[in-house]
Amino acid sequence: MSTPQKLARILATRSGGGIELALATETGQTVRVLATQDQIDMLVDELEDILNSPEEPDAPEPPAAA
């Protein structure tokens with residue numbers, strides 16, 4: 001797995017039957033992905049769980065992509 005990059009910006013827009021996300025890093029790299037409504041709902045749930053959980057000191061590596 002590659003070294004994590006710092007996120008600079010996120011853009012989201014509807015694209016056809018899905019939602020396009022553009023993730024830009026501080027180094028200028030941009031990754032564009034097309035997700036379904038269900039995938040976005042799962043992402044929002046996952047982020048809410050993380051934001052509502054206690055912060056762990058020195059958290060381990062992030063989980064591998066599913």
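Which residues make a nonpolar surface patch of about 400 Å²? The patch is made by L7, I10, L23, V31 and V33, and we will come back to it below.

## Getting started

This is a predicted model, in which local features need pLDDT of at least 70 and side-chain atom pairs count only at pLDDT 80 or more, while totals for chains, interfaces and linings use all residues. Residues are numbered from 1 along each chain as its sequence is written, and side-chain values use heavy atoms, with hydrogens and water left out.

## The overall layout

Let's begin with the whole chain. The protein chain has 1 helix and 3 strands, and from the N terminus on they follow the order β-β-β-α. Here helices (H or I, at least four residues) and strands (E, at least two) are DSSP runs, numbered from the N terminus.

Of the 66 residues in the protein chain, 14% are buried. Buried means under 20% relative accessible area, exposed means over 50%, and partly exposed lies in between (1.4 Å probe, protein chains only). The accessible surface of the protein chain comes to about 6000 Å², and 55% of that belongs to carbon and sulfur atoms. Such areas come from the Shrake-Rupley method with a 1.4 Å probe, and for residues only the protein chains shown count as cover.

Contacts tell us about the chain too; a contact means heavy atoms within 4.5 Å. Among contacts between residues at least 6 apart in sequence, 8% join residues at least 24 apart.

## The nonpolar patch

Now back to the opening question. Patches are made of residues with over 30% relative accessible area and no salt bridge; nonpolar side chains (Val, Leu, Ile, Met, Phe, Trp, Tyr) are joined within 5 Å, and like charges within 9 Å. Strands β1 (7–15) and β3 (30–35) each supply at least two residues of the nonpolar patch.

L23 is found in strand β2 (residues 18–25), and L23 counts as partly exposed because its relative accessibility is 31%. V31 has its place in strand β3 and is partly exposed as well, with a relative accessible area of 47%. Leaving aside neighbours within four places in sequence, V31 is in contact with L21, A22 and L23. V31 and I10 are 21 residues apart in sequence, and their C-alpha atoms are 9.8 Å apart in space.

## A salt bridge between strands

The structure holds 1 salt bridge, a term for a side-chain nitrogen of Lys or Arg within 4 Å of a carboxyl oxygen of Asp or Glu. E20 forms a salt bridge with R32, and the closest N and O atoms are 2.6 Å apart. This pair links distant parts of the chain, since E20 is in strand β2 and R32 is in strand β3, 12 residues apart.

Are the two partners buried or exposed? E20 counts as buried because its relative accessible area is 19%, whereas R32, at 60%, counts as exposed. Not counting residues up to four places away in sequence, E20 touches L11, A12, T13, S15, R32, V33 and L34. E20 and A35 are 15 residues apart in sequence, with 6.2 Å from C-alpha to C-alpha.

## The negative patch

Finally, let's look at charge. D38, D41, D45, E46, E48 and D49 form a negative surface patch. Asp and Glu count as negative and Lys and Arg as positive, while His and the chain ends are not counted. The place of a charge is taken as NZ of Lys, CZ of Arg, CG of Asp or CD of Glu.

One of these residues, D41, is found in helix α1 (residues 37–52). D41 is partly exposed, with a relative accessible area of 38%.
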